[in-house]
Amino acid sequence: WKNPEPEHRLIINKGTLNITDGELINDGTSLVNKSSGTINNVGGLITNGAGAGFTNHGTVVNDAASNFVLRNAATLTNSGSFTNAGVFNTTSGGGNVVIGSGGTLVNSGTLNQGGVGVFSAKSGSKITNSGRINVFESLLDNGGSIENSGIVEVFHFGAYQNLSGELNNRTGGTLTITGSVNNLSNSIINNSGEIA
């Protein structure tokens, strides 16, 4: 059976989905992980493309041996818990990454935002980084809270904006911005590490 309107297909997870040394391909569809849902990527690959939306209200764990990829206008919207210990990549055509209110992103791996979309942390969200976050051609737009004890680097085609957000660069943390910086009113940057 072929769905005549693939843009309306929807995958909903309310239970536990384990991808163990396998691949989950989300192309042109929407995948919604409900608040009761858990997705464990264990040595696997999750790819999202062709405008696919990956929405997390529950728990997603991308372990140290796993990859999570956004390509071709695919987006991630996270208002749940997303843990990346592996590699998170957006290709040059990747879309927005949004950490919504109440959402958390814990990164101890490598997160590359190289797409055309914006990487946004909304008010009430929290990003905790002890790994590496690279922003190549995008805007890192912080309206929430970022705790960095690893490396955050915004390259010269990218930009950083603090929009009523708080960035805490902890001891041992490195923040390198070769693009533009806009620290707007009611925004805070605390530094006990290194800022270049």
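This is a predicted model: local features need pLDDT of at least 70, side-chain atom pairs count only at pLDDT 80 or more; totals for chains, interfaces and linings use all residues.
User: What makes the contact of Glu147 with Arg170 a salt bridge?

Analyst: A salt bridge requires a side-chain nitrogen of Lys or Arg within 4 Å of a carboxyl oxygen of Asp or Glu. For Glu147 and Arg170 the closest N and O atoms are 2.9 Å apart, so the pair meets that definition. Glu147 lies in strand S20 (residues 145-148) and Arg170 in the loop between strand S23 (166-169) and strand S24 (174-177), so the pair ties together parts that are 23 residues apart in sequence. Strands here are DSSP runs (E, at least two residues), numbered from the N terminus. Arg170, at 40% relative accessibility, counts as partly exposed.

User: How many salt bridges does this rule give, and which residue pairs with Arg132?

Analyst: The count comes to 3 salt bridges. Arg132 forms one of them with Glu153, where the closest N and O atoms are 2.6 Å apart. This pair links distant parts of the chain, Arg132 being in strand S18 (residues 132-135) and Glu153 in strand S21 (residues 151-154), 21 residues apart. Arg132 is partly exposed, because its relative accessible area is 27%, whereas Glu153 is buried, with a relative accessible area of 16%.

User: How do you know that Arg71 and Asp27 form a salt bridge?

Analyst: Their closest N and O atoms are 3.2 Å apart, which falls within the 4 Å of the definition. Arg71 is in the loop between strand S9 (67-70) and S10, while Asp27 is in strand S3 (residues 23-27), 44 residues apart. Arg71 has 25% relative accessibility and so counts as partly exposed, and Asp27 is partly exposed as well, with a relative accessible area of 32%.

User: Why are strands S1 and S25 called edge strands?

Analyst: Two strands pair if DSSP finds at least two bridges between them. An open sheet of 9 strands has the order S1-S4-S7-S10-S13-S16-S19-S22-S25, with parallel pairing. In that sheet strand S1 (10-13) and strand S25 (180-183) each pair on one side only. Strand S22 (residues 159-162) pairs with S25 in the parallel sense over 4 bridges, and Asn162 has Asn183 as its bridge partner in S25.

User: What makes S10 a partner of both strand S7 and strand S13?

Analyst: Strand S7 (residues 53-56) and S10 pair in the parallel sense over 4 bridges, and 3 bridges join S10 to strand S13 (residues 97-99), again in parallel. Thr77 in S10 is the bridge partner of Thr55, while Val97 in S13 is the bridge partner of Leu76. Strand S10 (residues 75-78) also has a covered face, Leu76 and Asn78, and an uncovered one, Thr75 and Thr77. In a regular strand the side chains alternate between the two faces of the sheet.

Conventions
Residues are numbered from 1 along each chain as its sequence is written. Side-chain values use heavy atoms; hydrogens and water are left out. Buried means under 20% relative accessible area, exposed over 50%, partly exposed in between (1.4 Å probe, protein chains only).
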